[in-house]
Amino acid sequence: MRCPNCGTLMNRHAEKPIKDPHVPEGEVIASIHYCPRCGKVEAELEPLLNSEINFRE
Ligand SMILES: [Zn+2]
């Protein structure tokens with residue numbers, strides 16, 4: 001995953017479960033990525049189901 005700000009390859013920082021009301025199970029896994037250059041943090045959802053999920057910071 002590349003940083004949307006500066007294009008630097010981001011480091012995978014952590015994974016954590018988050019609540020999502022659009023998912024029947026109510027929980028999805030978010031991979032947190034950290035940009036070592038500008039400090040941008042992005043969360044990328046692990047697709048557990050075939051549903052579209054919009055994640056907002
Ligand atoms: Zn960056």
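Two strands pair if DSSP finds at least two bridges between them. Strands themselves (E, at least two residues) are DSSP runs numbered from the N terminus, as are helices (H or I, at least four residues). This is a predicted model: local features need pLDDT of at least 70, side-chain atom pairs count only at pLDDT 80 or more, and totals for chains, interfaces and linings use all residues. Residues are numbered from 1 along each chain as its sequence is written.

Start with the overall make-up. The protein chain has three strands and zero helices. Along the sequence the pattern reads β-β-β.

Now the sheet. The three strands form an open sheet in the order E1-E2-E3, with antiparallel pairing. Strand E1 (11–19) and strand E3 (41–46) are the edges; each has a single partner strand, so one side of each has no neighbour in the sheet. On average, neighbouring strands of this sheet are turned by 30 degrees against each other, direction ignored. Axes here are lines fitted to C-alpha atoms, for helices over the stretch in contact, and angles run from 0 to 180 degrees between N-to-C directions.

Look next at the E1 and E2 pair. Eight bridges join E1 and E2 in the antiparallel sense. Pro-17 has Ile-29 as its bridge partner in E2. Ala-14 is bridged to Ile-32 in E2.

Burial comes next. A residue is buried if 20 or more other C-beta atoms lie within 10 Å of its own, exposed if 12 or fewer, and partly exposed in between, with C-beta atoms placed from the backbone. Of the 57 residues in the protein chain, 4% are buried.

Ala-30 gives a view from E2. This residue sits in strand E2 (residues 27–34). Ala-30 is partly exposed, because 19 other C-beta atoms lie within 10 Å. Two residues are in contact if their C-beta atoms, placed from the backbone, lie within 7 Å. Neighbours within four places in sequence aside, Ala-30 is in contact with Glu-15, Lys-16, Ile-18, Ala-43, Glu-44 and Leu-45. Ala-43 lies 13 residues from Ala-30 along the chain, and their C-alpha atoms are separated by 5.9 Å.

Finally, consider contacts across the protein chain. Among those between residues at least 6 apart in sequence, 36% join residues at least 24 apart.
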